[in-house]
Amino acid sequence: MCPILSAVTGDARIGIAVSGGPDSLALLLLAAAERPGQVRAATVDHGLRAEAAAEAAAVGAVCARLGVAHDVLQVRVAGSVQAGARDARYQALAGWAADHGLSHVATAHHADDQAETLVMRLARGAGLAGLAGIRRERPLAPGITLIRPVLDWRRAELRAVVDAAGIMPAADPSNDDPRFDRTHARRLMAAVPWLDPARLAHSAAILAEAEAALDWAAARLADERIAGDTLDPRGLPPELVRRLVLRLLAAFGIVPDGPRLARLIARLDAGRTATIGTVKALPGPVWRFMPAPPRRPGGKAPPDGRATAPPPAIVT
Ligand SMILES: Nc1ncnc2c1ncn2[C@@H]1O[C@H](COP(=O)(O)OP(=O)(O)OP(=O)(O)O)[C@@H](O)[C@H]1O
């Protein structure tokens with residue numbers, strides 16, 4: 001069987017996020033076999049479902065059988081339940097990894113998840129960063145990398161690993177919950193045979209490479225085109241202008257979403273001053289960015305931006 005952790009250095013200590021479903025149990029089995037003594041597992045209990053405690057205990061029993069240390073992380077969920085649960089989960093996993101000296105945390109996202117993500121994001125009109133889908137790896141916290149070692153595996157292949165080990169996984173009721181876009185994407189893919197998950201996942205991988213390449217190019221271009229708080233956009237393709245403006249705004253602590261960024265650039269292109277959150281941008285051959293004058297008490301909120309906002313694309 002192909003190794004799943006070949007991208008991780010030989011002596012790394014790796015955390016495995018195991019919900020108790022078939023995907024993450026398969027990841028646990030594969031990782032424990034490949035790196036004996038180097039993995040540790042955690043199950044997050046969001047306190048949202050009565051069965052969660054029993055599911056976490058079942059994961060603990062599998063881990064005991066494998067000789068893998070296992071922790072249950074209790075979290076409280078704020079905000080919209082699904083997004084809130086995900087944020088709280090990644091935060092808890094980051095803290096857990098730091099506490100136990102783990103350099104990597106692995107989740108069991110696979111090719112079918114990737115294909116569903118791509119379909120959902122196409123339906124929302126996402127840009128390149130969103131269409132690049134679930135990243136093979138990304139920083140989770142300082143010194144800790146989040147990895148997806150089974151991103152090329154199909155759901156059925158992971159299920160077969162668990163079945164072969166004679167383990168009965170937990171069923172995730174959110175898989176069939178019609179309130180979630182992912183449920184509809186999954187049903188659509190099952191009903192339309194020519195929507196091949198492997199091909200969609202392949203496209204996402206190509207888009208992720210294109211995204212990384214543009215980011216690389218923008219980082220080099222920044223040295224040439226950004227000087228202090230000014231940006232020279234002349235003659236650049238719009239995508240690179242967008243990336244350079246994002247870099248400049250990030251220095252002011254501003255992370256606008258796609259539509260806000262587009263409006264800012266359109267105004268500057270049209271020779272008009274623009275304000276985004278706490279930053280004012282002046283037009284001209286070279287654009288200048290500066291802190292906006294403080295708001296008048298009781299005045300309107302600054303147009304088109306926030307000092308802290310979600311990133312422009314969904315980070316997965
Ligand atoms: N309660 C949990 N405890 C530990 N790990 C979990 C838990 N829930 C999910 N994971 C990890 O995250 C992986 C992906 O799970 P899931 O698709 O539910 O998460 P997600 O990132 O929130 O995806 P979605 O975008 O569909 O909400 C699992 O395979 C597992 O590795």
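Modeller: The chain has ten helices and eleven strands, counted as DSSP runs (H or I of at least four residues for helices, E of at least two for strands) and numbered from the N terminus. Keep in mind that this is a predicted model, where local features need pLDDT of at least 70, side-chain atom pairs count only at pLDDT 80 or more, and totals for chains, interfaces and linings use all residues. Residues are numbered from 1 along each chain as its sequence is written.

Of the 316 residues in the chain, 33% are buried, meaning that 20 or more other C-beta atoms lie within 10 Å of a residue's own, with C-beta atoms placed from the backbone (12 or fewer is exposed, in between is partly exposed).

Now to the core itself. A nonpolar core here is a set of buried Ala, Val, Leu, Ile, Met, Phe, Trp, Tyr and Cys residues joined through C-beta atoms within 7 Å. The largest one holds 52 residues, and I16, A26, L27, L28, A31 and A41 touch the most other members. Helix α1 (residues 22–34) is its top contributor, giving eight residues. Take A31: beyond its neighbours within four places in sequence, A31 is in contact (C-beta atoms, placed from the backbone, within 7 Å) with I4, L5, I14, I16, V39 and A106. Apart from this core lies another, of 17 residues, including L244, L248, L249 and F289. As a rule, nonpolar side chains tend to be buried together in soluble globular proteins.

Definitions and conventions. Contact = placed C-beta atoms within 7 Å.
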